[in-house]
Amino acid sequence: MTKPNMTRILRAPDGIADAAKLLKQGALVAFPTETVYGLGADATNGTAVARVFAAKNRPSFNPLIAHVADAEQAKHYVIWSDTAEQLARAFWPGPLSLVLPLRDDHGVSELTTAGLSTLAIRIPAHPVAQALLRQVGVPVAAPSANPSGRISPTTAAHALAGLRGRIDAVLDGGPCPVGLESTIGGLFDAPVLLRPGGLASEDIEALLGCPLKQRAAEDPMSAPGQMQSHYAAESAVRLNAIAAREGEVLLGFGSINGALNLSETGNLIEAAANLFGHLHQLDEMKRPIAVAPIPMTGLGVAINDRLSRAAAPRGTTK
Ligand code: TXA
Ligand code: MG
């Protein structure tokens with residue numbers, strides 16, 4: 001398939017069948033999930049997956065999450081375990097990705113896994129993603145639908161603003177209700193939290209009855225894509241601000257009001273849903289962004305994770 005000059009806009013639900021057809025042909029289609037918009041490609045088609053890396057300008061050592069419609073389909077690609085079953089029953093479909101050892105006969109492109117012997121797999125709960133994945137029938141590799149390192153997209157307009165002309169189509173299914181990427185759990189000898197996200201780690205720990213191991217910072221391959229500078233706005237970002245300094249625009253939370261407020265009532269679920277959209281809006285003002293303090297509980301852990309990466313010096317990896 002040649003490089004697209006034009007990105008088609010498809011609207012769900014009518015456009016789902018066309019989106020599925022395009023994906024089966026090896027095209028790149030951005031689609032909604034409950035977390036953020038994903039940039040989808042057939043995970044078994046190396047050429048299609050290579051085009052995802054090119055469209056996003058993403059380093060190819062950074063593996064992609066494979067999306068499938070249900071746990072039965074997931075079991076075709078990864079070696080299942082009791083813990084996987086327990087987590088899948090409680091939290092799938094939903095904002096949780098599980099990293100599991102690959103099966104020998106997996107058929108997934110090496111570019112999807114970046115050559116690792118594991119695969120990150122997720123069952124999105126969004127009805128449009130569900131319908132799309134059922135129609136496609138193969139696993140769909142989907143990073144967030146933004147240029148690498150930039151703010152993640154929670155609307156079709158965000159995805160288009162970053163990738164128009166670089167991808168074949170966007171399937172518009174409205175804004176993403178969770179607004180933060182999935183929580184990633186690694187199921188190795190003990191369950192490890194590889195990335196905080198849209199499912200609070202407290203909920204996972206309550207189900208398993210034990211604390212999750214934290215990702216080993218010295219082992220970059222345990223979560224290869226965890227760039228320190230990520231989600232970068234064009235403007236500088238300053239955290240834990242009580243008030244805006246001269247020239248800054250303030251992103252508020254709770255009783256600290258600014259140009260925009262993540263949640264006036266201090267609700268972390270609402271704040272997560274608003275985070276990337278508000279950052280996109282404030283970024284358009286082309287002024288340094290100050291952000292009010294966000295508590296480190298529940299979804300606040302993932303919100304602070306994304307904000308600290310948005311504030312990190314550019315080009316740093318960790
Ligand atoms: O909510 C989400 O997870 C969204 C939607 C579209 O599903 N996707 C998403 O993908 O956030 P992406 O590519 O932006 O982030 C995936 C993260 C990266 O940090 C990558 O390094 C990590 O998952 N990852 C993927 N496969 C892995 C593996 N086998 N082992 C460890 N980390 C892995
Ligand atoms: Mg991303």
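Student: Is C176 buried or exposed?
Tutor: This is a predicted model, in which local features need pLDDT of at least 70 and side-chain atom pairs pLDDT 80 or more, while totals for chains, interfaces and linings use all residues. Residues are numbered from 1 along each chain as its sequence is written, chains are lettered from A and ligands numbered from 1 in the order written, and side-chain values use heavy atoms, without hydrogens and water. Buried means under 20% relative accessible area, exposed over 50%, and partly exposed in between (1.4 Å probe, protein chains only). With 5% relative accessibility, C176 is therefore buried.

Student: How many disulfides are there?
Tutor: A disulfide requires two cysteine sulfur atoms within 2.5 Å. Under this rule, the number of disulfides is 0.

Student: Which type is the ring pair of W80 and W92?
Tutor: Rings of Phe, Tyr and Trp (its six-membered ring) pair if their centres lie within 6.5 Å; planes under 30 degrees apart are stacked, over 60 edge-to-face, and the rest tilted. The whole structure holds 1 aromatic pair. The centres of W80 and W92 are 6.0 Å apart and their planes meet at 35 degrees, so the pair is tilted.

Student: How many residues of strand 6 are buried?
Tutor: Strands (E, at least two residues) are DSSP runs numbered from the N terminus. On one side of strand 6, T118, A120 and R122 are buried, and on the other L119 and I121. Strand 6 (residues 118-122) is largely enclosed by the rest of the structure, because the buried count is 5 of the 5.

Notes
Helices (H or I, at least four residues) and strands (E, at least two) are DSSP runs, numbered from the N terminus.
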